[in-house]
Amino acid sequence: HWRVTLLTALVFVRAGGEIRFWNLKKRTCTKTITAHDRWVRGLYWEKDRLFSCSNDKTVKGETRPTLL
């Protein structure tokens with residue numbers, strides 16, 4: 001059986017160390033976090049924490065932000 005799920009939120013990273021959270025239904029950025037000094041290279045979501053790693057050689061954890 002196929003199950004169709006609509007994507008309603010997106011996490012996007014930018015060169016300046018920004019992590020942006022988007023509401024796709026409303027087409028708006030709901031939150032921006034400047035987590036690093038350089039490119040964000042990876043994201044990992046676990047329970048209520050979002051971890052990011054960067055070219056600035058750091059790993060940071062943020063409490064899960066409200067996306068929508």
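Ser52 sits in strand S5, residues 49-54. The model is predicted. Ser52 is buried, because its relative accessible area is 3%, and the cut-off for buried is under 20%. Leaving aside residues up to four places away in sequence, Ser52 touches Ile19, Ala35, His36, Val40, Gly42, Leu43, Thr58, Val59 and Lys60. One of these neighbours, His36, also meets Ser52 through a polar contact between side chains, at 2.7 Å.

**His36**

Where does His36 lie? The place of His36 is the loop between strand S3 (28-34) and strand S4 (40-46). His36 counts as buried, because its relative accessibility is 3%. The His36 side chain makes a polar contact with the side chain of Ser52 at 2.7 Å. It makes another with the side chain of Asp56, at 3.4 Å. Beyond four places in sequence, the residues touched by His36 are Gly16, Gly17, Ser52, Cys53, Ser54, Asp56, Thr58 and Lys60.

Strand S2 covers residues 18-23 and runs antiparallel to S3. Six bridges join the two strands. Trp22 has Cys29 in S3 as its bridge partner. S2 and S3 form a hairpin, with four residues between them. Arg27 belongs to that turn.

Most residues other than glycine have a negative phi. Arg27 has a positive phi, near 60 degrees, and is not a glycine. Lys57 is not a glycine either, and its phi is positive at about 65 degrees. Arg27 is found in the loop between S2 and S3. Lys57 lies in the loop between S5 and strand S6 (59-63). Is Lys57 buried or exposed? Lys57 is exposed, because its relative accessible area is 79%, and the cut-off for exposed is over 50%. Arg27 counts as exposed too, at 73% relative accessibility.

**A nonpolar patch**

Which residues make the nonpolar surface patch? Leu7, Leu10, Phe12 and Leu24 make it, and its area is about 360 Å². Leu7 is found in the segment before strand S1 (9-13). Leu7 is exposed, because its relative accessible area is 60%.

**Accessibility at a glance**

| Residue | Relative accessible area |
|---|---|
| Ser52 | 3%, buried |
| His36 | 3%, buried |
| Leu7 | 60%, exposed |
| Arg27 | 73%, exposed |
| Lys57 | 79%, exposed |

Definitions and conventions
Residues numbered from 1 in each chain as written. Predicted model: local features only at pLDDT ≥ 70, side-chain atom pairs only at ≥ 80, totals over all residues. Heavy atoms only, no water. Buried < 20%, exposed > 50% of the residue type's maximum accessible area, 1.4 Å probe, protein only. Polar contact = N/O pair within 3.5 Å; in protein donor to acceptor, adjacent residues only side chain to side chain. Contact = heavy atoms within 4.5 Å. Pairing = 2+ DSSP bridges. Patch = residues over 30% accessible without salt bridge, like charges linked within 9 Å, V, L, I, M, F, W, Y side chains within 5 Å. Areas by Shrake-Rupley, 256 points an atom, 1.4 Å probe, with all protein chains shown as cover. Salt bridge = Lys/Arg side-chain N within 4 Å of Asp/Glu carboxyl O.
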